[in-house]
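Keep the structure in view as you read.

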Amino acid sequence: MSGATAAAYLARRAAQKERVRILYRRALKDTLNWAVHRHLFYQDASDLREKFEANKHVEDLDTIDKMIAAGEATYNKWRHPDPYIVPWAPGGSKFTRNPVPPSGIEIVYDYGREEND
């Protein structure tokens with residue numbers, strides 16, 4: 001392999017590893033939305049990990065790309081329709097419940113003290 005070919009191979013392989021990592025994390029977090037109890041989640045997480053570990057030995061770049069695309073399609077197909085959102089995160093029930101006052105409004109905390117005290 002020449003230097004340019006090796007660099008291209010390594011760059012593509014690094015991109016694939018990143019896509020697999022992101023897919024695994026998304027699927028693992030989505031498993032929490034489907035599992036009602038922790039003991040159910042642990043079993044589902046273990047099954048998910050086995051699915052990823054089963055294809056760890058594949059070396060062909062085109063095959064890996066196809067497997068990643070199939071995994072992303074499966075994830076999108078089975079994604080939870082109403083995922084749990086932390087209340088204070090964007091989209092949560094408490095997000096911007098107490099928004100920052102608009103600029104130009106001054107809040108004075110003098111608690112009734114007079115100017116001439």
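## Salt bridges and a pocket

A network of salt bridges links Arg12, Asp62 and Asp65. Keep in mind that this is a predicted model. In total, the structure holds six salt bridges, and the table shows some of them.

| Pair | N to O distance | Location |
|---|---|---|
| Asp62 and Arg12 | 2.8 Å | helix H3 and helix H1 |
| Glu18 and Arg21 | 2.6 Å | both in helix H1 |
| Glu53 and Arg49 | 2.9 Å | both in helix H2 |

Within helix H1, Glu18 and Arg21 are three residues apart, about one turn of the helix. In helix H2, Glu53 and Arg49 are four residues apart, also about one turn.

Is Gln16 buried or exposed? Gln16, which lies in helix H1, has a relative accessible area of 2%, so it counts as buried. Leaving aside residues up to four places away in sequence, Gln16 touches Leu61, Ile64, Asp65 and Ile68.

Now for the open space. The largest pocket holds about 1,000 Å³ and is lined by 30 residues. Among these, Leu23, Tyr24, Leu48, Lys51 and Phe52 lie nearest its centre. Helix H1 gives the most to this lining, with 11 residues. By type, the lining has 14 nonpolar, five polar and 11 charged residues.

Conventions: Residues numbered from 1 in each chain as written. Predicted model: local features only at pLDDT ≥ 70, side-chain atom pairs only at ≥ 80, totals over all residues. Heavy atoms only, no water. 1 Å grid on protein atoms, 1.4 Å probe; cavity = no way out; pocket = protein on both sides within 12 Å on 5 of 7 lines; lining within 4 Å. Points joined across faces, edges and corners; volume = space filled by probe spheres on them. Helix = DSSP H or I, 4+ residues; strand = E, 2+ residues; numbered from the N terminus. Nonpolar A, V, L, I, M, F, W, Y, C, P; charged D, E, K, R; others polar. Buried < 20%, exposed > 50% of the residue type's maximum accessible area, 1.4 Å probe, protein only. Contact = heavy atoms within 4.5 Å. Salt bridge = Lys/Arg side-chain N within 4 Å of Asp/Glu carboxyl O.
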